[in-house]
Amino acid sequence: GSLIACLFGAWAILVGAQSAQPVPTLSGREALGLVRTVNTLEAEAFAKSGFYVALDQVNNTPRFRDAMTRLLPGEVIAQVDATTGTLRDYKLSVVPSADGKHYRLALVPEPPSRCGTSFFSGDPAVIYLGKALGCEGR
């Protein structure tokens, strides 16, 4: 009886310690590479079809998977819905306008209170960096 309780207690501690592990951080270089990759693929989609596309369509292209293999080997964007996904400690949103003639991209830290750098872009593929108010000195 006590051996089983002891083993269960050790298992519970081990599982608890594993689930409490911090999520790996996306470096600035990796985040910038991801934003540049998405911008490039959006430009290609627009040149080919005349429309910008949502994250799910970018995420499912062989070119994006190849770029991810080079940039972040073994990692994928976990789709939340058609326009949003997560990667490590960041949330990525790529939202085309209703007419497909524009898009907005945001790569922001999760949770936002973490005070990491956020990346924003869209057509014409200019990339902006920012931090949430209250995080400027951190």
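## Largest pocket

On a 1 Å grid over the protein atoms alone, a pocket is an open set of points where a 1.4 Å probe fits, with protein on both sides within 12 Å along at least five of seven lines; a cavity is a set from which the probe cannot get out. Grid points are joined across faces, edges and corners, and a volume is the space filled by probe spheres set on the points. In this predicted model, the largest pocket holds about 150 Å³ of space.

Leu41, Glu44, Ala45, Lys48, Val53, Gln57, Val58, Thr61 and Arg63 line the largest pocket, a lining residue being one with an atom within 4 Å of a point. The lining comprises 4 nonpolar, 2 polar and 3 charged residues; Ala, Val, Leu, Ile, Met, Phe, Trp, Tyr, Cys and Pro count as nonpolar, Asp, Glu, Lys and Arg as charged, and the others, Gly among them, as polar.

## Basis of the model

Residues are numbered from 1 along each chain as its sequence is written, and side-chain values use heavy atoms, with hydrogens and water left out. As the model is predicted, local features need pLDDT of at least 70 and side-chain atom pairs count only at pLDDT 80 or more, while totals for chains, interfaces and linings use all residues.

## Overall architecture

The protein has 4 helices and 6 strands, in the order α-α-α-α-β-β-β-β-β-β from the N terminus. Helices (H or I, at least four residues) and strands (E, at least two) are DSSP runs, numbered from the N terminus. Of the 138 residues, 35% are buried, where buried means under 20% relative accessible area, exposed over 50%, and partly exposed in between (1.4 Å probe, protein chains only). Among contacts (heavy atoms within 4.5 Å) with a separation of 6 or more, 42% link residues 24 or more positions apart.

## Nonpolar core

A nonpolar core is a set of buried Ala, Val, Leu, Ile, Met, Phe, Trp, Tyr and Cys residues joined through side-chain atoms within 4.5 Å. The largest has 24 residues, of which Leu34, Phe64, Leu92 and Leu107 touch the most other members. At least two residues of this core come from each of α2, α3, α4 (62-71), β3 and β4 (103-109), and the largest share, 6 residues, belongs to α2.

Leaving aside residues up to four places away in sequence, Leu34 touches Phe64, Met68, Leu71, Ile77, Leu87, Leu92 and Leu107.

## Strand pairing

Two strands pair if DSSP finds at least two bridges between them. Strands β1 (residues 78-79) and β2 (residues 84-87) are antiparallel, with 2 bridges, and a hairpin of 4 residues connects β1 to β2. Ala78 has Thr86 of β2 as its bridge partner. Strand β2 is also antiparallel to β3 (residues 90-96), over 4 bridges, with Gly85 opposite Leu92. The hairpin between β2 and β3 has 2 residues between the strands.

## Backbone features

Most residues other than glycine have a negative phi, and most peptide bonds are trans. Arg88, in the loop between β2 and β3, has a positive phi near 50 degrees and is partly exposed at 25% relative accessible area. Ala125, in the loop between β5 and β6, has a positive phi near 70 degrees and is partly exposed at 36%.

Cis peptide bonds join Glu110 to Pro111, with omega about -5 degrees, and Asp123 to Pro124, with omega about 15 degrees. Pro111 lies in the loop between β4 and β5 (118-122), and Pro124 in the loop between β5 and β6 (128-130).
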